[in-house]
Amino acid sequence: MRKPLALLMAGSLLLAGCGGWSDSRINPGNWFGKSKSTPVATAASGEVNPLIPEKTGLGIFDRPEEEDISLPARQISELRVEPTPNGAIIYATAIAARQGGYDLALKRVPDTAADTLEYTFNVVYPEAGTPTGNEHSRTLRAAVTLSEQDLRGIRTIRVSGAENARETRRR
């Protein structure tokens with residue numbers, strides 16, 4: 001009778017000491033907090049010489065690059081970062097300007113700070129006019145998967161739209 005009681009008491013003390021796991025920095029569920037809305041930064045126009053091409057082709061058989069006709073979604077309404085066993089998944093929800101948006105993509109912005117991952121939520125709209133509709137019918141969702149190597153050294157994840165951006169920071 002004494003041994004089971006002693007084991008029960010030791011187990012209770014051990015479990016009581018683990019109460020801080022939910023607030024610990026090593027808990028993957030606490031890597032990123034809740035997102036918050038931030039204003040969209042405007043692009044600064046630098047000096048560009050229109051007479052010098054940005055890219056030269058490799059030969060006469062090169063195909064021209066496809067024109068990117070996607071536009072930023074109107075408003076980012078939600079941003080979540082869910083941990084996975086080998087990295088994380090970034091889930092973003094946006095509200096489009098009108099119905100019918102397709103070919104959703106979270107496109108990475110290349111020139112950002114070393115500790116920041118920034119994405120733009122892009123969507124392609126049909127050429128024909130479509131109705132605006134209610135907010136529920138214009139809601140779009142996209143996700144991107146990141147590995148542990150992609151997240152190494154990252155403190156902030158930011159997703160931008162046309163009117164706002166949402167960001168979440170590592171705790």
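**Reading a predicted chain, residue by residue**

Author: We start at Asp-68, which sits in the loop between strand 1 (36–38) and strand 2 (71–72). Keep in mind that this is a predicted model.

Reader: Is Asp-68 buried or exposed?

Author: A residue counts as exposed when its relative accessible area is over 50%. Asp-68 has 52% relative accessibility, so Asp-68 counts as exposed.

Reader: How many helices and strands does the chain have?

Author: There are two helices and nine strands. Their order along the sequence is α-β-β-β-β-β-β-β-α-β-β.

Reader: How much of the chain counts as buried?

Author: Of the 171 residues, 28% count as buried. The accessible surface of the chain is about 12400 Å², and carbon and sulfur atoms contribute 55% of that area.

Reader: What share of the contacts comes from residues 24 or more positions apart?

Author: Take the contacts in the chain with a separation of 6 or more: residues 24 or more positions apart account for 68% of these.

Reader: Which residues form a nonpolar patch on the surface?

Author: Leu-5, Leu-8 and Met-9 do, and together they have about 320 Å² of accessible area. One of them, Leu-5, belongs to helix 1 (residues 2–17).

Reader: Now to charges. How many salt bridges does a search of the whole structure find?

Author: The general idea first: side chains of opposite charge can pair when their charged atoms come close. In this structure the search finds six salt bridges.

Reader: Which salt bridge does Glu-163 form?

Author: The side chain of Glu-163 meets that of Arg-74 at 3.8 Å, N to O. Glu-163 lies in the loop between strand 8 (156–160) and strand 9 (165–169), and Arg-74 lies in the loop between strand 2 and strand 3 (75–84), so this pair ties together parts that are 89 residues apart in sequence. Glu-163 is exposed, with a relative accessible area of 52%, whereas Arg-74 counts as partly exposed at 25%.

Reader: What does Arg-80 pair with?

Author: Arg-80 meets Glu-78 in a salt bridge of 3.3 Å, N to O. Arg-80 also forms a salt bridge with Glu-82, where the closest N and O atoms are 3.3 Å apart. Partly exposed is the label for Glu-78, with a relative accessible area of 32%, for Glu-82, with 32%, and for Arg-80, with 35%. Elsewhere, salt bridges that share partners join Glu-118, Arg-158, Glu-167 and Arg-169 into one network.

Reader: Which charged residue is buried yet has no salt bridge?

Author: Look at Arg-138, in the loop between strand 6 (116–124) and strand 7 (139–147). A salt bridge needs its nitrogen and oxygen within 4 Å. For the buried Arg-138, the nearest side chain of opposite charge is that of Glu-135, 4.9 Å away.

Reader: What does the side chain of Arg-138 reach?

Author: The Arg-138 side chain reaches the backbone oxygen of Gly-133 at 3.5 Å. Beyond its neighbours within four places in sequence, Arg-138 is in contact with several residues, including Arg-74, Ile-95, Arg-98 and Thr-132. Arg-74 is the partner of Glu-163 in the salt bridge described above.

Reader: What is the value of phi at Asp-103?

Author: Backbone angles are read residue by residue. Phi of Asp-103 is near 55°, a positive value in a residue other than glycine. Asp-103 is found in strand 5 (residues 102–108) and counts as exposed, at 54% relative accessibility.

Conventions. Residues numbered from 1 in each chain as written. Predicted model: local features only at pLDDT ≥ 70, side-chain atom pairs only at ≥ 80, totals over all residues. Heavy atoms only, no water. Helix = DSSP H or I, 4+ residues; strand = E, 2+ residues; numbered from the N terminus. Buried < 20%, exposed > 50% of the residue type's maximum accessible area, 1.4 Å probe, protein only. Lys, Arg positive; Asp, Glu negative; His and termini not counted. Polar contact = N/O pair within 3.5 Å; in protein donor to acceptor, adjacent residues only side chain to side chain. Contact = heavy atoms within 4.5 Å. Patch = residues over 30% accessible without salt bridge, like charges linked within 9 Å, V, L, I, M, F, W, Y side chains within 5 Å. Areas by Shrake-Rupley, 256 points an atom, 1.4 Å probe, with all protein chains shown as cover.
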